[in-house]
Amino acid sequence: MTATPAKRGANVEPIMHRAARLEDAFHEFRARRARKRGFLPTVVPYAGYGGPSWVRILGRVVLAKEPRPGSRAERKHRKREESIRGWRSFISVPVADVPVVIEVEGDRHEVLPDRGGVIDTVIPVQLTPGWHTVTMTVPASARVFEAPVYIVDPKATFGIISDVDDTVMVTALPRPFLAAWNTFVLDEHARVPTPGMSVLLERLAAAHPGAPVIYLSTGAWNVAPTLTRFLSRNLFPAGPLLLTDWGPTHDRIFRSGREHKQTSLARLAEEFPGMRWLLIGDDGQHDEALYGEFTTDHPGNVAAVAIRQLSNGEAVLAGGRSKAEKHSEISGAPWVYAPDGAGLLEQLRELDLLP
């Protein structure tokens, strides 16, 4: 019997795109040079999430020079890391061949990062709802790296998924040159939060105790530490970041940000089937279309959709403003539009999502 294409390709490794092969060769070259200069594997931990019996661990392994613990050099190194400009985060050397030991409540699990150095794995646990800390170590380093993880209460039925660029932080992403300046030059001290959005998210979190807050963005994992500090400094509620890796994949030159968001939304719906999400985004790129598709595919998992409208100038440079009426007609979930967090807050209050 003739095998189907899926069956014929089941045991065949996918052919890697030439750009990905060149990237891997470039990283291998840089890694050899960095190791000769005394650089060691270092884990950059990210916030994770999960349920009482499982947890998704996120992080990235890169090569870095480790100062002696407790030394003046270490304090200067940490201060420099906290004020690092965006572009420097994109020139770190990722490591894919170093095993990482994850320890949770005494249980140890060994994983390997992907070709971009990213750790994204699910391990079994037995944890109570709330924030916990897991540790990660690598063989070549004596340092212990701690990552916060949020365990969602199985009884929780309301959660928040928020975009980042031009939703909680003004990045002017549709304008390439200004977006590049915001991403690669400015540090988080110079970035501007969207007016009223931190108050909105904080009040939503307070009104729904135990509600998970997930920040979903097409940004690269390289900027996760900067985004985390920005969110904390501007009093946004703590929550995991779901970002994407930088660079080519096995089958394309550039990763698809739209596909990343689609996959992440579908995964969250599968991981938390009883959760109804408030989806927060902006009308400058693809959030409306993506959220519209999600409400159609998962109508029972959407409490409402809140869209931050760009200013007139932003909307023109982004390619126009979408019409609220269109989404109200095709979606069963309520949609609200406003230019800032205060306007969205008032409309969400009318939907009884806020007291």
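Trainee: Are tyrosine 46 and tryptophan 221 buried or exposed?

Mentor: The model is a predicted one. Tyrosine 46 belongs to strand 1 (residues 40-51), and tryptophan 221 to the loop between strand 12 and helix 6 (224-233). Each of the two residues is classed as buried.

Trainee: How are the planes of tyrosine 46 and tryptophan 221 arranged in their aromatic pair?

Mentor: A search of the whole structure gives 8 aromatic pairs. In the pair of tyrosine 46 and tryptophan 221, the distance is 4.7 Å centre to centre, with 5 degrees between the planes. The two residues are 175 residues apart, and the pair links distant parts of the chain. Since planes under 30 degrees apart count as stacked, the arrangement of this pair is stacked.

Trainee: Why is the pair of tyrosine 49 and phenylalanine 272 tilted?

Mentor: Tyrosine 49 and phenylalanine 272 have ring centres 6.1 Å apart. Stacked requires planes under 30 degrees apart and edge-to-face requires over 60, the rest being tilted. The pair is tilted because the planes stand at 45 degrees.

Trainee: In what order do the 6 strands of the open sheet lie?

Mentor: The pairing in this sheet is parallel. Strand 13 (241-244) and strand 16 (335-338) are the edge strands, each pairing on one side only. From one strand to the next, the twist averages 20 degrees. The order is 13-12-9-14-15-16.

Trainee: Which residue in strand 16 stands opposite isoleucine 307?

Mentor: Strand 15 (residues 302-308) pairs with strand 16 in the parallel sense, over 4 bridges. The residue opposite isoleucine 307 is tyrosine 337.

Trainee: Which strands does helix 8 touch?

Mentor: Helix 7 (residues 257-271) lies across strand 9 (158-162), strand 12 (213-220), strand 13 and strand 14 (276-282). Helix 8 (residues 287-297) packs on the sheet, and its direction makes about 160 degrees with that of strand 14. The strands touched by helix 8 are strand 9, strand 14, strand 15 and strand 16.

Trainee: Why is histidine 132 classed as buried?

Mentor: Histidine 132 is in strand 7 (residues 130-137). Its side chain reaches the backbone oxygen of threonine 128 at 2.6 Å. Buried means under 20% relative accessible area. Histidine 132 is therefore buried, its relative accessible area being 18%.

Key
Residues are numbered from 1 along each chain as its sequence is written. This is a predicted model: local features need pLDDT of at least 70, side-chain atom pairs count only at pLDDT 80 or more; totals for chains, interfaces and linings use all residues. Side-chain values use heavy atoms; hydrogens and water are left out. Buried means under 20% relative accessible area, exposed over 50%, partly exposed in between (1.4 Å probe, protein chains only). A polar contact is a pair of N or O atoms within 3.5 Å; within protein, one must be able to donate a hydrogen and the other to accept it, and residues adjacent in sequence count only if both atoms are side-chain atoms. Two strands pair if DSSP finds at least two bridges between them. Axes are lines fitted to C-alpha atoms, for helices over the stretch in contact, and angles run from 0 to 180 degrees between N-to-C directions. Contact means heavy atoms within 4.5 Å. Rings of Phe, Tyr and Trp (its six-membered ring) pair if their centres lie within 6.5 Å; planes under 30 degrees apart count as stacked, over 60 as edge-to-face and the rest as tilted.
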